[in-house]
Structure formats: C-alpha cells, structure tokens
2 protein chains.
Amino acid sequence: MTKALVIASGGMDSATLAWYYHSLGYDLHMVGFNYGQRHAKELEFLKKQADTLKADLTIVQMDFMKDLLKGSSLTDDQIEVPDGHYREETMRITVVPNRNAIMLSIAVGIAVANKADVVGTGIHGGDHYIYPDCRPSFFEPFAEAMKQATVGHSVEGFKLEAPFVEIGKDDIAEYGNRLGVDYSLTWSCYKGGEIHCGSCGTCFERREAFALAGVNDPTEYLNTPHFERPN
Amino acid sequence: MTKALVIASGGMDSATLAWYYHSLGYDLHMVGFNYGQRHAKELEFLKKQADTLKADLTIVQMDFMKDLLKGSSLTDDQIEVPDGHYREETMRITVVPNRNAIMLSIAVGIAVANKADVVGTGIHGGDHYIYPDCRPSFFEPFAEAMKQATVGHSVEGFKLEAPFVEIGKDDIAEYGNRLGVDYSLTWSCYKGGEIHCGSCGTCFERREAFALAGVNDPTEYLNTPHFERPN
C-alpha cells in the first residue's frame, strides 16, 4: 500500500486533492494546520472529510504564527477581513508571510516520519496572482529542495506534488464533481460565521468556481450578492 | 540600516554567523527554536549572545515537533543519545526529519514580517555527511524558492544566505576567533547537563574544531577522552 499525505485546509481544493489520491488507492493521511486563523471552523470540516475518506488526520498546532507573523488580517484580530473579489489589491493583506513554505516543510517532515510516498498540496492557478508562494516559480525549486532534504530518510522515490498548480478553481470543482467529492463537507469563508458569509474573497471565489464549472453549489450563504464574472 | 535575521541555536556556528553580520554593521535579529529538544540549555546561551550583541531575540515555540516527528533521539526521551563521533552511522538517529527546512521557512516568514534584508543560516560543510538538508544540493533550490515565495512582500533584494556552507567547523572557529566571538557564550552538548559532557557527537565536533583551528577552547568538559583525529 502506498501512502499519500495531503495538506488539507477543509476547503474545496484540498478536499478534491484528498478524493483524488483516495481514488488512486492511496492510504490517506490528511494534515491540517491551526495557526490562529479566524476560520478555524474549516478544521471541523476537515475532520468530516477525513471521517468520510477513512483517512488519518493530524492537526498541527502552530499558535506561534499568530504572534510572530504580524500584519496579516488572517491572524491579526485588529485588522478587518476585506470584502470583495480575491484578486483585488486589498486582499494582499490576507497573506501570512511564507505560510505555504512553512506548512509544506512541516508536512514533509511528518511524511518522512510516517513513511509516506508522496505529499500533495492543492495550490492552483487561481492563487498565483496574490500568493507568490503558490506559483510554479516557487513550487518547482521548493519540490526539488524537499527531495534533496530527505535523501536517505524518505521512501525511495518520495516526492512533493501539486497536481492542480496549472489549473483554475473552476476546473477543480468540475473534476471533483466527477470524482464524487461531497462539497457540503468543505468550508471556505474567512469570516468563520455559522454559515458562509457569501461576500468575502474566498466566498466569492467559491461561488464563482461552482458557477463557472456548471456544478451544483451545495453551500448556504448568508449574503447573496449579484454574481458577476470578473473582467 | 540593513537588518539581518540569524537562525541561531546557541552553538558556535550560528554565534559566529551573528558576529559576522554584526561586524558588517547589520541591525541584528536572532531567532531560536524550541522544538522540545533535550538541549534546551542552548537557548540560555543564545540569550547571552543576543544580550552581548544587543540583538533582538525571538524564540519560536514548536512543541508540536516533539509529537509529530517520531523516531529521533533529539526529541524522543525513550531513545538514548549515542556517544561517539558525529560522522558515525549511529548518529543518523539524531536527525529530526526536515528540521532545517522547517526552521528556515519560519525564519523567512518572520524576516518578511519584520522587513529584514537577509536571513542567514550557519549550516556548514561538516554537516553534509549526516544531514542532507545542510548540503548545497538542498540549499540552492531552497534559497531560490524562498526568494520566489516572498516576491512583492519582502525587502527588495531579500535573500537567504549560508556563508559557511562550503567550509568546515574548524574554519568557522578560526574565523570566529579573528572576529572576536566569545565562545564561552556558546553551547553544543546534546545531553544538556550542567557542563558539556565532552563525549557526545557534538562535544566531539566542538573539541575537534577548536583543536584543528589552533584556537583556545574555553569549554569545561565533564569527560576528557583521548582526542584523536578521525581517519
């Protein structure tokens, strides 16, 4: 049995990735991160996904990130999460510096300790604009570094994969729908209310992905703003 | 004023690196990691170094590593730290999987949040044999990935540096001696007793470095085994 470790947020991208490895017959280990983000609610949804897929689940407690990495609205209660489309300039303040590399590095450590064959991350083309650490220009040298860092300690042929790095979130929704992903078990909203707010950047992207993919959106939203395709 | 963040362990390599950036006139920020290692004593020595250099000091609490990364004698109380030279096969069990990449990634995040110009790590040629994540084959792609990950968020020209990656620990001791490093403020022993044990792998390397460099060793050791150059 080969083992895949999936870096999972509770959102729809990493859920689709987990279903993908599951469909390939991998033994599945889902790893989430609690770094003091407002949307810790996503971790509850992650647990539902892991239960459904009979996957091992590890939540890494990284409260230190809240204290150390100042200036991001995701971890600083004094900065308001902006509304609006994710691609807008104002969304830049939702970036936790180097978050992706930190989570990937820890996941690789866990993978090596648990003899996993592959680590998968759900970074995708739609993240490129805002997040430099979700671009192939970051991912390719990073994946090479991880391979080199674990020589002699990891499973032979161990690698870090980003199957969605070249496609968009709507492509992921369409692919996931074919795989049978239960998107009602996923959470996107950065505001962390009872139901999805419907108006923050991630809710915007979530609605847009389902709409563009022509896939039924099972999400209940608090606000139902007029949906417009971005220019 | 340009700012350097130094990844610091309390040991002689990172101390020399801190003195190096200090000698170049950088504003200094030292960052240590507490990952449940037995030799937390090194962090006390790190504080003494930071006080001496008037550097900012951050200790990142990473207790989660103790729970997640099993099978290393550095974090597992049930495995005994082996005696003997660091280069021996038995020392491999002192490896925490991917430790270096994890610490480097977090340090880069802190550096970006604090507008540092450079992040320095004290990895050196003597580490290559045991630790794949201290080799240039790891460091070069990793440094490139960090540059790419922080585009648009870091200080212009930001980079990750490993000035000692091609030299040995004895070269570091010789260079540090010329820089005026106070090595009595450094700690190496993995056993974490009152004074250096003198017989664990890191004590062995420490003694060897001073001896090969012809530099006075200010360390008080519990054991004083016959010193031999390795073949």
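How far apart should the end C-alpha atoms of helix H5 (residues 136–149) of chain A be, at 1.5 Å a residue? I worked out that its 14 residues should span 20 Å, and the end C-alpha atoms are 19 Å apart, which agrees. The expected span is 1.5 Å times one less than the number of residues.

Ground rules, before I go on. This is a predicted model, where local features need pLDDT of at least 70 and side-chain atom pairs count only at pLDDT 80 or more, while totals for chains, interfaces and linings use all residues. Residues are numbered from 1 along each chain as its sequence is written, and chains are lettered from A and ligands numbered from 1 in the order in which they are written.

Next, chain A overall. I found seven helices and five strands, where helices (H or I, at least four residues) and strands (E, at least two) are DSSP runs numbered from the N terminus. Their order from the N terminus is β-α-β-α-β-α-α-β-α-β-α-α. Chain A has 231 residues, and 52% of them count as buried. A residue is buried if 20 or more other C-beta atoms lie within 10 Å of its own, exposed if 12 or fewer, and partly exposed in between, with C-beta atoms placed from the backbone.

Back to H5(A). I listed its buried residues: A:Phe138, A:Phe139, A:Pro141, A:Phe142, A:Ala143, A:Ala145, A:Met146 and A:Ala149. Their cover includes helix H4 (99–113) and strand S5 (159–161) of chain A, together with H4 and H5 of chain B.

That sent me to the interface. I see 38 residues of chain B in contact with 38 residues of chain A; contact means C-beta atoms, placed from the backbone, within 7 Å. On chain B's side, S3 (56–61), H3 (64–68), H4 (99–113) and H5 (136–149) each supply at least two residues. H4(B) gives the largest share, ten residues.

Last, I checked backbone angles. Most residues other than glycine have a negative phi. A:Lys54 has a positive one, near 55°, and sits in the loop between H2 (41–53) and S3 (56–61) of chain A. Is A:Lys54 buried or exposed? It counts as exposed, because it has 9 C-beta neighbours inside 10 Å. A:Asn98 also has a positive phi, near 65°, in the loop between H3 (64–68) and H4 of chain A. A:Asn98 is buried, because 29 other C-beta atoms lie within 10 Å.

Methods:
Two residues are in contact if their C-beta atoms, placed from the backbone, lie within 7 Å.
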